[in-house]
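Trainee: Before I use this model in any calculation, I would like to go through it with you carefully. Could we look at it together and then take the questions one by one?

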Amino acid sequence: MTSMSASPLDLTSPEVRNQRRGRFWMRGLRSLGFGAVIGLVITGLTGQSLGTTMVHSICIASMCWFFIDVGRMPLARWKHRNAPANSPEAESHWPGWPLMLVIVVIGSILGFMVGGTLASWLTGLPMPGYLRGSLRQTVALVLTSLVPALIITYWFYSRETIAAHEAATQVAERQAAENQLKLLESQLEPHMLFNTLANLRVLIGIDPPRAQAMLDQLIAFLRATLSASRSASHPLEAEFARLRDYLALMELRMGERLQTRFELPPELANLPLPPLLLQPLVENSIKHGLEPKVDGGRIEVRAVRDGTELVLQVRDTGVGLAGTASDGTRFGLTQVRERLATLYGEQARLSLTACDDAEGGALATIRLPLPAPGAPA
Amino acid sequence: MQARALIAEDEPLLAANLQAELERLWPGLETVANVRHGAAAVESALALRPDVVFLDIRMPGLSGLEAAQALAEDWPDDAGPLPVIVFVTAYDQYALQAFEHSAVDYVLKPVHPDRLAQTCNRVQAALKARQPNGHPPDQAAAALEATLGQLRHLLGTPGLATSTAAPAPKLGVIQASVGNAIHMVPVGEVLYFEAADKYVRVITAEREYLIRTALRELIPQLDDTRFWQVHRGLVVRADAIATAVRDESGKVHLTLRGHKDKLVASRLYAHLFKAM
């Protein structure tokens, strides 16, 4: 997962910045709304004049919002810079609760004082008591601004966290669907399909029994391809059978240019394997190894046990890796790596190396942890 | 109508079937060679001089398009007209569009007999049109120029002959190994690049280097306004060319500034050399 795992949102893009700005002002508007609600509640509880109370609470609420939300920014940026790249912290504009509590306390006190002063100036009434050290009004400060500020901050935080999670889930789902489509497209490659059909069409005329056998293999291959993404695993034996179907179709097409060899020790035949895990490797061997080679060559698919690991190898005697770095081999390899990472984490590895023996070609090796003895296969 | 055909198709069953279908639909057509890869197609065509060649697009070694280019460039002047070229492909999103655009004849696999009969008729018409009796030579020249135009169009089609990948960063220096030293040769000093087997010869005014990069990989890394491809195996720095003289066969002979080498641009690239 190199390019694909990069954050789905580019944090510096103008689009993202606009979204951020939009959310900032939305929070401001909502805070004004809360101020109005608090003003109504206070009017109801104390019987003070509605107009004056509303001006006070809206001024105070907007100032509290302003100091808290603006104060959050440099701290979030500071956190952002110190977080390791690609970690969730690096992508969030949330500085974390401990820092945020400090900002809420300072921001709401500042907001209460500045907002109160602003409201007094607007209404022409004398400065409120808390600026003169009145205990009663200091308690009022805590009740009417600090507590709501905390609640509202928590509310904004959880709302946006949920929204961000939902967006991330959607992006992940879309990527999964796209990957599956690409996988299908790569396996049901039209060029392969039409060439196979062209061969079958010829074979029907000259050798019907063989044509029927080939058609059965094509059907088995198509069925396996279409259902591979839906079942979690199948026995190694079944994996080899599907690769045989695929390579039999290729043998029909390539004639003497393709030889195949399979090695599957009977004691490994029932080990579970994600369906068609090896398919992209075999396909790469054909497409980038043997098809470009005038004389063709051999593909060997092998399973061996190495201590606590299952080693799966696909080797070809094709043109090797020199010319393939720039073209389409990466999708197949990336896809195998991603599946391995999802299923086995760090315990599975895929490597692709050039063979430097006389026959040349390429060797792809997958190492998987063997299931613990006695575990159900 | 009698004619001689060459078939190049890497899949043996399909090759045999195409031959059988062609002979059934066109009894006068004799298949003089049925080969499995592009290089064999060029070699047999130059030796046997068929009237029509069927070239599969995806073949090992040379692709069908590269084989067509080689034929157009290497076809001897005294060998009569260039064979009629018909491309064969199973599926290729780039090829089909390009074929339609440049009016090249093509056959899709699986081959449909009706469609193949159509192709046979068209090839017969093209062969009749070029028969020497009564046709002035300039008409033959026009036919050749039309074929070259089609090939030029195909060779310029992204995804078919050229890469669809993002443009490669341009090279500033060529790193050539000489003994155990790497020589850094500024591209501005290179007079021309010439393909030689698996290598490319890099010629400067002073000396010559060999690099392992294939010409096909090198070309996208060169600025195509400064470096002109003039043959499938030859790329020349445009401002190093002193004169260009076209001969009667359509090839263009180039002389260089400050270098004795004489180069030949093929008919496919002759259109680059026109007076302003």
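Trainee: In what order do the three strands of the open sheet in chain B stand?

Mentor: This is a predicted model, in which local features need pLDDT of at least 70 and side-chain atom pairs count only at pLDDT 80 or more, while totals for chains, interfaces and linings use all residues. Residues are numbered from 1 along each chain as its sequence is written, and chains are lettered from A and ligands numbered from 1 in the order in which they are written. Helices (H or I, at least four residues) and strands (E, at least two) are DSSP runs numbered from the N terminus, and two strands pair if DSSP finds at least two bridges between them. On that basis the three strands form an open sheet with antiparallel pairing, and their order is S13-S14-S15.

Trainee: Which strands of chain B stand at the edges of this sheet?

Mentor: An edge strand here has a single partner strand, so one side of it is left without a neighbour in the sheet. That description applies to residues 241–246 and residues 259–265 of chain B, which are strands S13 and S15.

Trainee: Which residue of S15(B) stands opposite B:Thr255?

Mentor: Five bridges join S13(B) to S14(B), and B:Thr243 has B:Thr255 of S14(B) as its bridge partner. S14(B), residues 252–256, also pairs with S15(B) in the antiparallel sense over five bridges, and there B:His253 is partnered by B:Val264. On the S15(B) side, the residue opposite B:Thr255 is B:Lys262.

Trainee: Which residue takes a positive phi in the turn between S14(B) and S15(B)?

Mentor: The hairpin of S13(B) and S14(B) has five residues between the strands, and B:Gly250 there takes a positive phi near 105°. S14(B) and S15(B) form a hairpin with two residues between them, and the residue with a positive phi of about 65° in that turn is B:Gly258.

Trainee: Is B:Arg49 buried, partly exposed or exposed?

Mentor: Most residues other than glycine have a negative phi, and most peptide bonds are trans. B:Arg49 has a positive phi near 50°, and it is found in the loop between helix H2 (38–48) and strand S3 (52–56) of chain B. A residue is buried if 20 or more other C-beta atoms, placed from the backbone, lie within 10 Å of its own, exposed if 12 or fewer, and partly exposed in between. With 17 C-beta neighbours inside 10 Å, B:Arg49 is partly exposed.

Trainee: Why is H9(A) described as largely enclosed, and how many of its residues are buried?

Mentor: The expected span of a helix is 1.5 Å times one less than its number of residues, so the 12 residues of H9 (279–290) should span 16 Å, which agrees with the 15 Å between the end C-alpha atoms. The buried residues of H9(A) include A:Glu283, A:Lys287 and A:His288. H9(A) is largely enclosed by the rest of the structure because the buried residues number 12 of the 12.

Trainee: Which helix gives the most to the side of domain 1 of chain B that touches domain 2 of chain B?

Mentor: The bounds, which come from an automatic or database domain assignment, are 3–155 for domain 1 and 173–272 for domain 2 of chain B. Two residues are in contact if their C-beta atoms, placed from the backbone, lie within 7 Å, and eight residues of domain 1 of chain B touch six residues of domain 2 of chain B in this sense. Helix H3 (64–74) and helix H6 (137–155) each supply at least two residues of that side of domain 1. The helix that gives the most, with four residues, is H3(B).

Trainee: Where is the cis peptide bond that has an omega of about -5°?

Mentor: The proline concerned is found in the loop between strand S5 (105–108) and helix H5 (113–129) of chain B. The cis bond joins B:Lys109 and B:Pro110.
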